[in-house]
Amino acid sequence: MTTTGTSDNSIFRPGQLTFAVPKGRILDEALPVMARAGVEPGAEFHDPKSRALAFGCLRPDMRIIRVRAFDVATFVAHGAAQVGIVGSDVIEEFDYADLYAPVDLGIGLCRLSVARMANDSDEATSISHLRVATKYPSLTRRHFEAAGVAAECVKLNGAMELAPSLGLARQIVDLVSTGTTLRENGLVETSVILDISARLIVNRTALKTDARVAALVDAFRREAEAREPA
Ligand SMILES: Nc1ncnc2c1ncn2[C@@H]1O[C@H](COP(=O)(O)OP(=O)(O)OP(=O)(O)O)[C@@H](O)[C@H]1O
Ligand SMILES: O=P(O)(O)OC[C@H]1O[C@H](OP(=O)(O)OP(=O)(O)O)[C@H](O)[C@@H]1O
């Protein structure tokens, strides 16, 4: 039996800051932003064969963890990571009291929308009860409640677009960017719930107690402002 040994990167040292990034589609856009703000993972982060989940950083007092998008918010809200990057969709869905989102990074732009089959003419407003497939049950319930509709949410983790044609739910609430996925699955967007962008998030207690967290917020704010059109 061969062993690859334990990567030094996965060893958590006391006093190190933990920065959480999502492994999904925001990451490619986030890495250059992070580099300009002084946060750069070591080479192992880019090794497709690596099974490590925690990585060293060019800054020795920091490590980077790569987790699922929803889990970035959970790690930071509980103080297991002090800083992270995540879409505002995730922040709004959880609404964690200990999580603060001080910088809009202007990347990962998309929207959370309601959609239905193109040949379903009934509007939700004429229905008092509705089954909706979504990865965002909290935002979905809040949206429909405001319109006086009791939405029964069927939680899916992907491929929401299949639900209406298969009779799982009449409508869906999902992320839309170009609209291609909706179109190619015979759906139409009927309303936008939330315009979304990726944010820098920090744990509120860490921000108050660790000056390095406040310095990171400043660095990311300056980086985002430098990209804003004049
Ligand atoms: N089509 C899109 N265009 C732009 N940004 C998007 C798009 N879809 C998702 N995002 C943003 O990227 C984040 C991560 O989405 P992604 O689809 O990569 O995650 P996922 O695959 O659903 O995550 P996981 O597999 O961890 O559940 C979303 O929370 C959202 O903020
Ligand atoms: O409007 P579009 O440009 O077509 O983008 C929308 C799609 O992007 C996201 O899915 P993703 O591709 O991340 O896959 P997922 O279903 O695994 O989340 C989202 O859930 C939609 O399915």
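The domain bounds come from an automatic or database domain assignment.

**Ground rules.** I keep in mind that this is a predicted model, in which local features need pLDDT of at least 70 and side-chain atom pairs count only at pLDDT 80 or more, while totals for chains, interfaces and linings use all residues. I number residues from 1 along each chain as its sequence is written, and I letter chains from A and number ligands from 1 in the order in which they are written.

**The chain.** I looked up the secondary structure and noted seven helices and eleven strands, where helices (H or I, at least four residues) and strands (E, at least two) are DSSP runs numbered from the N terminus. The C-alpha atoms fill a box of roughly 60 × 50 × 35 Å along the principal axes. Of the 230 residues, 37% are buried, a residue being buried if 20 or more other C-beta atoms, placed from the backbone, lie within 10 Å of its own.

**Between the domains.** I found the centres of domain 1 and domain 2, taken over C-alpha atoms, to be separated by 30 Å. Seven residues of domain 1 are in contact with eight residues of domain 2, contact meaning that the C-beta atoms, placed from the backbone, lie within 7 Å. On the side of domain 1 that touches domain 2, the largest share, four residues, comes from helix 3 (residues 88-94). That side has no nonpolar, four polar and three charged residues, where Ala, Val, Leu, Ile, Met, Phe, Trp, Tyr, Cys and Pro count as nonpolar, Asp, Glu, Lys and Arg as charged, and the others, Gly among them, as polar.

**The ligand shells.** I noted 16 residues around ligand 1, of which Gly 24, Arg 68, Gly 87, Cys 110 and Ser 177 come nearest. By class, the shell around ligand 1 has eight nonpolar, five polar and three charged residues, whereas the shell around ligand 2 divides into three nonpolar, six polar and two charged. Around ligand 2 I listed residues including Arg 25, Gly 158, Asp 174, Ser 177 and Thr 181. Strand 9 gives the most to the shell around ligand 2, with three residues.

**Strand 3.** I next followed strand 3 (residues 62-67), in which five of six residues are buried. Six bridges join strand 3 to strand 1 (residues 17-22), the two running parallel, and Phe 19 has Ile 64 as its bridge partner. Strand 2 (residues 54-56) runs antiparallel to strand 3 and is joined to it by three bridges; these two strands form a hairpin with five residues between them.

Strand 7 (residues 129-134) runs parallel to strand 9, with three bridges joining them, and Ala 133 stands opposite Ile 172 in strand 9.

Key. Near = placed C-beta within 6 Å. Buried ≥ 20, exposed ≤ 12 C-beta atoms within 10 Å, placed from the backbone. Contact = placed C-beta atoms within 7 Å. Pairing = 2+ DSSP bridges.
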